[in-house]
Amino acid sequence: MIAVTEVPRGVREEVEHVAGFDWDAWLETETAGPRRITTTKSFAVIAPLAPRFPGETWFVPKAHSSHFEHISDDLCDELADTLHELLARIDSKLKNHGH
């Protein structure tokens with residue numbers, strides 16, 4: 001998991017490239033499709049279409065926010081619980097496959 005204080009240049013350029021992009025429609029499509037891992041009240045967890053590395057996973061907030069570091073304690077707890085659940089699922093799968 002990576003947290004940054006500003007949007008990296010490459011990400012900023014991608015976002016600028018898709019000005020007018022309908023984020024809500026994209027998220028609805030992704031959470032209904034095969035890349036959906038799980039959803040919670042506030043987050044969608046998906047496997048990206050073209051991951052940059054094996055196992056890349058996106059925790060996408062459902063609500064728009066300009067500053068992730070200002071999320072509420074409840075939202076932070078939900079994120080932590082969701083991450084814990086995902087890691088437990090990965091651990092279980094690896095144990096079942098003898099790794």
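These legends go with several close-ups of one predicted model. Residues are numbered from 1 along each chain as its sequence is written, and side-chain values use heavy atoms, leaving out hydrogens and water. Since the model is predicted, local features need pLDDT of at least 70 and side-chain atom pairs count only at pLDDT 80 or more, while totals for chains, interfaces and linings use all residues.

**View 1. The whole fold, element by element.** The protein has three helices and three strands (DSSP runs numbered from the N terminus: H or I of at least four residues for helices, E of at least two for strands). Starting at the N terminus, the order is α-α-β-β-β-α. Of the 99 residues, 16% are buried (under 20% relative accessible area; exposed is over 50%, partly exposed in between, with a 1.4 Å probe and protein chains only).

**View 2. β2 and its two partners.** Strand β1 (residues 36-39) runs antiparallel to β2, joined by three bridges, and a hairpin of three residues links the two. Here R36 sits opposite I46. On to strand β3 (residues 58-61): β2 is antiparallel to that one too, with four bridges, and F43 faces P61 across the pair. (Strands pair if DSSP finds at least two bridges between them.)

**View 3. Which way do the β2 side chains point?** In strand β2 (residues 43-46), F43 and V45 go one way and A44 and I46 the other, and all are buried. In a regular strand, side chains alternate between the two faces of the sheet.

**View 4. A closer look at D81.** This residue belongs to helix α3 (residues 73-96). D81 counts as exposed because its relative accessibility is 53%.
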